[in-house]
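Please keep the sequence and the structure at hand while reading.

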Amino acid sequence: MEFGFSPEMMNWFAQLVAVLVYVGLGAIWFGPLFGDAWAREMDLEGLDEEAKKRQMPRGVLLTVVGGFLLAFALRFVTAAFTPAYWYPDGEQLSGVGAWMGGFWAWLGCFVPVQLGRVGWENRSWRLFGINTSFDFLALSAMALILGLWV
């Protein structure tokens, strides 16, 4: 594996699948599973149906764009857990290594942001739990897809 970026190191189909999984998990997580609780914690219960319909295209578009950015960056994080990246005779990435890339990205980047929102924006711990558990699930799934599908 090379150091630095080269287009050959990216599996663009895996990137697309990871984004689709991210969007799909989000639709389930913030829809039927925890949508009502999340809307209550975000004070979105009072929105009328027309306002929700107007907001939906923007929300989906930004989620897809964010998913692509996340998948792109996560590919490099998972690569850092590949022994072959650091040692010429090292093994290729395992499922555990791929998952660890997602876990450390979650713990070091996502959890602190959500903690700041609890502290500075007075977000509830319940919202913290809903959001960070989604982030954990999504990053784990995306890291496994990107790390093992090389």
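Just after α5, N122 adopts a positive phi of about 55°. The model described here is a predicted one.

Helix α5 covers residues 95–120, and because its 26 residues at 1.5 Å a residue should span 38 Å, the 36 Å between its end C-alpha atoms agrees with that expectation. Along its course, α5 bends by about 35° at W106. W106 is itself among the buried residues of α5, a list that also includes G97, A98, G101, G102, F103 and A105, as well as V111, Q114 and V118. The buried residues of this helix pack against α3 (49–79) and α6.

| Residue | Relative accessible area | State |
|---|---|---|
| N131 | 13% | buried |
| M142 | 0% | buried |

N131 counts as buried because its 13% falls under the 20% cut-off. Leaving out residues up to four places away in sequence, N131 touches F30, W38 and Q114, and Q114 is one of the buried residues of α5.

Which residues does M142 contact, apart from its neighbours within four places in sequence? They are A18, Y22, G67, L70, A71 and L74. Of these, A18 lies 124 residues from M142 in sequence, yet the two are 5.0 Å apart in space, C-alpha to C-alpha.

Notes. Residues numbered from 1 in each chain as written. Predicted model: local features only at pLDDT ≥ 70, side-chain atom pairs only at ≥ 80, totals over all residues. Heavy atoms only, no water. Buried < 20%, exposed > 50% of the residue type's maximum accessible area, 1.4 Å probe, protein only. Contact = heavy atoms within 4.5 Å. Helix = DSSP H or I, 4+ residues; strand = E, 2+ residues; numbered from the N terminus. Expected span 1.5 Å × (residues − 1). Bend = angle between axes of the 7 residues up to and from the residue.
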